[in-house]
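Reader: Could you walk me through the packing around a few residues and helices here, giving the cut-offs as you go?

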Amino acid sequence: MANPPVIIWKDEVERLLRYRELIPRLEVALGKFSWRDSAELIQPVRTTVPLQKHDGFMGLMPAYMENDGVLSTKFVCFYKREDGSTLPATQATVVLLDPEYGNVKVMDGEVITDMRTAAVSAISAKLLMRPGAEVLAILGTGRQALSHYNVFMEMFSFKEVRVWKTPVSGPVTACVSVEEAVRGADVIVTVTRCTEPVLFGQWVKAGAHVAAVGACRPNWRELDDVLMKEAVVYADSREGAMAESGDIILSGAEVFAELGDVINGTKPAHREKTTVFKSLGMGVQDAVSAKLVFDQWKARHSQL
């Protein structure tokens, strides 16, 4: 049956989406993706269109989970911005569709992107960081830095949190350099706008876990060759990392496993070694997030 489109604005997405409900759904989705069963999940690598005049790209990120009845795509524009720019680095809209009728629910994708990205980074730390990790370092600016701070504070109990250029208020140590922030840190999150390496292996503690979120183009970097080649590298999508991650492509590092492989038990979590999780983001992450938002929206509106 044809129904008019539903539109869910940013402030309502913020009210409806919670990490405690989102994280278990993302873990299931990551595991399903890594089984590569097309009868369960179809998700092509992100398609990008260059926006040369504006130094950016438009990405299209579809996913279809047939058995769950979830069909969605995200339209996201992301840009190479200079430090201090007041323009947004990303803008996103998620469209959730009824697989049978094609009806659409359109929702602001900013909060979904911020929260699902940070949640997957937290899942990587849950799986890969050493037991007893005490020091967290967050490198970067903008919304992603804040969303990562929020979820890591909710999920873990660090004794010290260091930040570099990260605009958060709380019990943190503000550092004047990347080296100061990361020396001795057990977990390091990079959510920078850098296109050249900013984190160097010689500063990283043996056995640390790095969640690398920035540098989402094949010629952009956050991490140097030393770190990439010494660490055990994990990704959300092997195909996505090999197509889009400059940290992996330019260093020649191999992707050891996907997070879904660890969740499925088909590849080990090398907690005793230095690990890097390269996050590119996936359509299925947006799909389960959008489905959660819509289910919460529908439940709330049915009670009104």
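Reader: Which residues is Gln285 in contact with, leaving aside its neighbours within four places in sequence?

Author: This is a predicted model, in which local features need pLDDT of at least 70 and side-chain atom pairs count only at pLDDT 80 or more, while totals for chains, interfaces and linings use all residues. Residues are numbered from 1 along each chain as its sequence is written, and side-chain values use heavy atoms, with hydrogens and water left out. Contact means heavy atoms within 4.5 Å, and with neighbours within four places in sequence set aside, Gln285 is in contact with Leu26, Leu30, Arg116, Val120 and Asp236.

Reader: Is Gln285 buried or exposed, and with which side chain does its own side chain make a polar contact?

Author: Gln285 lies in helix H10 (residues 283–302), helices being DSSP runs of H or I with at least four residues and strands runs of E with at least two, numbered from the N terminus. Buried means under 20% relative accessible area, exposed over 50% and partly exposed in between, with a 1.4 Å probe and protein chains only; because its relative accessibility is 2%, Gln285 counts as buried. A polar contact is a pair of N or O atoms within 3.5 Å, where within protein one must be able to donate a hydrogen and the other to accept it, and residues adjacent in sequence count only if both atoms are side-chain atoms. At 3.5 Å, the partner of the Gln285 side chain is the side chain of Arg116.

Reader: At roughly what angle do the axes of H3 and H10 cross, and which residues of H10 make the contact?

Author: Axes are lines fitted to C-alpha atoms, for helices over the stretch in contact, and angles run from 0 to 180 degrees between N-to-C directions. The axes of H3 and H10 come within 10 Å and cross at roughly 120°. On the H3 side the contact is made by Ile112, Thr113, Arg116 and Val120, and on the H10 side by Gln285, Asp286, Ser289, Ala290 and Val293.
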